[in-house]
Amino acid sequence: MTPDRSRERPVPAPEPTADQATKDAMSNATTVSPAHSASTASTLITNIAALVTNDPSLGDNSPLGLIQDAAVVIEGDRIAWTGDQSKAPATDNRVDAGGRAVLPGFVDSHSHLVFAGDRTQEFNARMSGRPYSAGGIRTTVAATRAATDEELEANVTRYLAEALRQGTTTFETKSGYGLTTHDESRALRVAARHTDEVTYLGAHIVAPEFADDPAAYVDLVTGEMLDACAPHARWIDVFCERGAFDGDQARAILTAGKARGLHPRIHANQLSYGPGVRLAVELDAASADHCTHLTDEDVDALANSRTVATLLPGAEFSTRAEWPDARRLLDAGVTVALSTDCNPGSSFTSSVPFCIALAVRDMGMTPDEAVWAATAGGAAALRRTDVGRLTPGAYADLTLLDAPSHVHLAYRPGVPLVTGVWRHGERVL
């Protein structure tokens, strides 16, 4: 999963749609001009039982833009055509999907992959009903500081390969386990070798050595540490929660990041009611993540903004916490994303399919809504329109399921259904 730093990232509408001129030209298929693909080999994937395009102008006109008996044409690293397989154009190569479902590669817009060590004992104690005081995030901070760059790189590579095997083709990842200028900047350099969606999270918690002077740590995060980290990141994040950073501290941190060209995202309202969600909307954050404890005012603010509510059911599963109410958010018109929150403490899973199953079972989402949230929703949380959909011009990031429908992701939880993955037009599984 190497980054492509040349791509543009336009701001998406909540549900991306096809170009109107192309839509008019073909009633149930779309294509791109020959000039786009004249010098690249083309591949037709045909015999697709159900194709999720995430373009509501196609197929069944639902948000998923579901096309039955479908085909897709890949040219280079992009989608060139989608539609009814009986209308598919001639191509250089051909792949038979065998009557299986195809959907966009998953877009995991919230993860914490640059770390060392694990917290098995903490998890075991929590699941056994015993109190445990191993230090939580601070345990991972100590291990990460002690790790070499090579060890951190090996861990990131391992977890990304694990995620790719489960259909994730785009991911965001954060720093946050170094909490010194040196360790935060090296974490971002490691992450940037694998993705453009890199987030500076120096404000994960107050560093242990600043426990008695959190204001001084905020000064570090917004000063020297920010100067060292900004060149390696696209985003800035803060854990706005009791025991981490309050609303005023979070505003100062995110505002400083914006002044350095980093766009905000926020860990908001996970453990308690608080100012995080409304601060996210105030600062036009791309996403407010967790969103478990929400007032009506929080929901209304999200519904009337561009900020995506990113829900992370792996965290609730691993901590036995209250589930976010996805149904409430969706019914209010909020754009919702689903992501893994992969981290060693509260959600040590890289499986988006697992999170889809949890969201359907315990958060009030339909299978269609959960799949949209894990693909197009994740793209919206990264303000991307070139991933999370299978329409002409988007990256050719596809997931092939060993099932006739995307519904099987929730219907058959825990089963390894992903049998093929293409990323940027190249088959990698």
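**Figure 1. Salt bridge between Arg 361 and Asp 362 in the predicted model.** Arg 361 counts as exposed, at 64% relative accessibility. Its partner in the salt bridge is Asp 362, and the closest N and O atoms of the pair are 3.1 Å apart. Asp 362 is partly exposed, with a relative accessible area of 28%.

**Figure 2. Salt bridge between Arg 327 and Asp 331 within helix H13.** Helix H13 spans residues 326–331. Because Arg 327 and Asp 331 lie 4 residues apart in this helix, about one helical turn separates them. The closest N and O atoms of the two side chains are 3.1 Å apart. Arg 327 is partly exposed at 26% relative accessibility, whereas Asp 331 is exposed, with a relative accessible area of 58%.

**Figure 3. Salt bridge between Arg 260 and Asp 227.** The side chains of Arg 260 and Asp 227 meet with an N to O distance of 2.5 Å. This pair connects distant parts of the chain, its members being 33 residues apart. Arg 260 belongs to the loop between helix H9 (247–259) and strand S11 (263–268), while Asp 227 is in helix H8 (residues 224–229). Arg 260 is partly exposed, with a relative accessible area of 37%. Asp 227 is likewise partly exposed, with a value of 46%.

**Figure 4. Network of salt bridges involving Glu 197, Arg 234, Arg 384 and Asp 386.** Side chains of opposite charge can pair when their charged atoms come close. In the whole structure, a search finds 23 salt bridges.

**Figure 5. The largest nonpolar core and a second, separate core.** The largest nonpolar core holds 90 residues. The members that touch the most others are Tyr 200, Tyr 217, Phe 245, Ile 266, Leu 329, Leu 338 and Ile 356. Helix H15 (residues 367–381) supplies the largest share of this core, with 6 residues. In soluble globular proteins, nonpolar side chains tend to be buried together.

**Figure 6. Surroundings of Ile 356 in the largest nonpolar core.** Ile 356 is one of the residues that touch the most other members of the core. With neighbours within four places in sequence left aside, Ile 356 is in contact with Phe 106, Leu 338, Ala 370, Val 371, Ala 374 and Leu 409. Leu 338, one of these contacts, is also listed with Ile 356 among the core residues that touch the most other members.

Notes
Residues are numbered from 1 along each chain as its sequence is written. This is a predicted model: local features need pLDDT of at least 70, side-chain atom pairs count only at pLDDT 80 or more; totals for chains, interfaces and linings use all residues. Side-chain values use heavy atoms; hydrogens and water are left out. A nonpolar core is a set of buried Ala, Val, Leu, Ile, Met, Phe, Trp, Tyr and Cys residues joined through side-chain atoms within 4.5 Å. Buried means under 20% relative accessible area, exposed over 50%, partly exposed in between (1.4 Å probe, protein chains only). Helices (H or I, at least four residues) and strands (E, at least two) are DSSP runs, numbered from the N terminus. Contact means heavy atoms within 4.5 Å. A salt bridge is a side-chain nitrogen of Lys or Arg within 4 Å of a carboxyl oxygen of Asp or Glu.
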